[in-house]
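Here are my notes for your first look at this model. Keep the structure open as you read, and check each point against it.

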2 protein chains.
Amino acid sequence: MTVIYERVALIGLGLIASSMFWAMKRGGVAGHVTGYARSDETRETARRIGLCDEVCDSLVDAVRDADLVVLATPVGVMGRVAEEIAPHLKPGATVIDVGSVKRTVIEEVGPHIPEGVHFVPCHPMAGTEHSGPEAGFSTLFDNRWCLIVPVEGSDPAEVERMQAYWQALGSNTEVMDAEHHDLVCAVVSHIPHLIAYTMVGVADDLRRVSDQEVIKFSAAGFRDFTRIAASDPTMWRDVFLTNKDATIEILGRFTEELMALQRAIRTGDGEQLHAYFTHTRAIRRGILEAGQDTDKPDFGRVKVER
Amino acid sequence: MTVIYERVALIGLGLIASSMFWAMKRGGVAGHVTGYARSDETRETARRIGLCDEVCDSLVDAVRDADLVVLATPVGVMGRVAEEIAPHLKPGATVIDVGSVKRTVIEEVGPHIPEGVHFVPCHPMAGTEHSGPEAGFSTLFDNRWCLIVPVEGSDPAEVERMQAYWQALGSNTEVMDAEHHDLVCAVVSHIPHLIAYTMVGVADDLRRVSDQEVIKFSAAGFRDFTRIAASDPTMWRDVFLTNKDATIEILGRFTEELMALQRAIRTGDGEQLHAYFTHTRAIRRGILEAGQDTDKPDFGRVKVER
């Protein structure tokens with residue numbers, strides 16, 4: 001329960017920023033938290049549910065005097081936000097973003113950060129399929145990982161402080177460079193999302209199978225894809241547009257592999273299929289051992305009774 | 001609590017058969033249940049946990065006198081099992097299978113069914129990523145759908161009885177033809193599984209991202225794929241080999257759609273991406289309204305606290 005940043009400003013009040021607020025309060029990590037969102041409706045909701053100590057009607061008011069400014073908007077607008085707040089940042093303040101891609105954000109935000117202000121890109125790898133100010137909760141980051149991606153000239157002391165900050169919010173932390181970050185995230189997050197969106201789109205579009213059938217029989221595997229494909233469209237559009245290279249690289253590998261399996265199916269190569277399907281079980285075991293998922297059947301959605 | 005079949009034989013004692021046993025006991029649906037599994041170990045386990053009223057060491061002993069015989073082996077061996085039991089089936093008995101594909105099973109099992117014995121293919125669309133005799137539980141079929149696929153000459157009275165049987169086990173039921181069944185299942189189950197297996201395989205195989213990274217950061221979307229890709233390899237090998245046509249058709253549609261999205265990413269067409277990602281949310285809403293999944297964030301895996 002040590003204050004790590006006295007005054008914090010949250011820009012963009014969606015799932016991540018609102019969860020950060022509740023987690024900061026839980027951990028006593030910040031003295032005073034201001035919040036800003038572009039839409040009137042979001043600001044009103046925030047005020048109604050007590051999100052932030054003060055909700056500001058202007059971006060500039062929100063960041064004035066802040067020791068830590070958190071960019072938590074879709075990544076596509078972070079550069080513009082940085083440009084607007086830059087002249088109003090307190091000397092010695094720290095700016096972080098919480099975007100899902102890093103190379104593009106660093107290119108777009110970095111140049112606007114004034115001399116004497118720290119910039120430490122972060123990526124809390126946590127979320128749910130729900131979005132908006134009411135979707136947040138204090139436990140979102142518990143036992144999840146936050147990747148910290150220092151830029152050229154980042155002050156090592158500030159990077160360390162940032163790790164302490166995320167740990168106080170419940171996260172584990174790891175430091176990595178931007179290019180590797182974007183590749184890792186393409187694998188564990190971006191391509192899985194793209195594939196899920198695609199599968200749901202195909203099912204919905206198929207005239208010979210009705211939507212009613214897709215919905216009724218979804219428990220056979222499909223419904224898990226629909227959860228991921230219910231994530232925020234604006235956020236994900238920006239992710240794919242700003243992590244183009246890694247996305248297309250991993251997509252190429254995925255398609256190549258899928259075609260190999262398609263060929264095994266077409267030629268009736270049962271051995272290849274069986275070997276492939278056996279191999280993938282090991283990764284699941286690793287995830288369970290690392291405490292990153294539940295071992296309960298069906299994620300615990302079924303009531304198990306003999 | 002009405003006995004629908006006096007004597008039932010379960011052939012193959014995995015997740016589905018064991019769940020049927022517990023559900024039959026719960027509902028008082030069967031008088032006496034025998035079970036058979038090819039492996040000694042499975043039969044021993046079944047005896048140890050009280051699975052079946054009697055575990056038989058031979059297939060023929062298990063089916064003798066049975067009013068209902070359930071083929072619950074991987075679909076690839078059902079034809080052989082049917083051939084072996086055929087001479088020992090009681091006149092007037094009913095044989096069902098619970099395989100995930102129907103056209104091939106009907107082709108392979110159908111010809112062995114003797115005159116005077118009913119054959120009613122069924123597909124309970126329920127399961128978890130766990131397998132084996134200890135994975136079963138009585139509530140597995142509750143509020144899930146069982147598809148019933150009558151063959152040429154199926155007795156309508158027996159089809160109706162079969163619906164009553166599955167309803168007594170907790171399922172909803174729907175009758176459909178084999179070809180449509182195989183297409184629907186390719187969409188809601190087979191292709192989602194193939195894609196999940198592929199994605200997990202790609203992640204595991206990528207040298208520039210370590211398995212440790214994949215495991216640690218899996219909560220960002222990937223872990224959901226690993227659950228599906230932990231399903232029984234033999235069952236899934238057989239599914240793809242026996243539902244080749246529908247699998248390859250839907251795979252073609254999937255790849256086409258994925259390529260269109262890849263193109264939108266490459267050309268920076270944000271509008272197309274946003275529209276696509278918005279559209280897919282509607283299907284999720286339908287699934288929640290139909291009671292086929294939980295609305296809790298992250299399938300309820302996170303502890304939500306403000």
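1. Start with chain B. Its open sheet has 6 strands in the order 3-2-1-4-5-6, and the pairing is parallel. Strands here are DSSP runs (E, at least two residues), helices are DSSP runs too (H or I, at least four), and both are numbered from the N terminus. Two strands pair if DSSP finds at least two bridges between them.

2. A word on the source. This is a predicted model, where local features need pLDDT of at least 70, side-chain atom pairs count only at pLDDT 80 or more, and totals for chains, interfaces and linings use all residues. Residues are numbered from 1 along each chain as its sequence is written, chains are lettered from A and ligands numbered from 1 in the order in which they are written, and side-chain values use heavy atoms, with hydrogens and water left out.

3. Look inside the chain B sheet. Strand 1 (residues 5-11) and strand 4 (residues 68-71) of chain B run parallel, joined by 4 bridges. Find B:A9: opposite this residue, in strand 4 of chain B, stands B:V69.

4. Now chain A. Here 3 strands make an open sheet in the order 7-8-9, with mixed pairing. Strand 7 (122-125) and strand 9 (172-175) of chain A each have a single partner strand, so one side of each lacks a neighbour in the sheet. From one strand to the next, the twist averages 20 degrees.

5. Which strand of chain A pairs with strand 7 in the antiparallel sense? Strand 8 (residues 145-148) of chain A does, over 4 bridges. A:C122 has A:I148 of strand 8 as its bridge partner.

6. The axes of helix 12 (residues 270-279) of chain A and helix 7 (residues 178-205) of chain B come within 9 Å and cross at roughly 70 degrees. Axes are lines fitted to C-alpha atoms, for helices over the stretch in contact, and angles run from 0 to 180 degrees between N-to-C directions.

7. Who touches whom? Helix 12 of chain A brings A:Y276, A:F277 and A:H279. Helix 7 of chain B brings B:L194, B:Y197, B:T198, B:G201, B:V202 and B:D204. Contact means heavy atoms within 4.5 Å.

8. Finally, compare the copies. Chain A can be laid on chain B with an RMSD of 0.0 Å by a turn of 180 degrees and a shift of 0.0 Å along the axis. The superposition is by least squares on the C-alpha atoms of residues with pLDDT of at least 70 in both. The two copies are therefore related as by a two-fold rotation axis.
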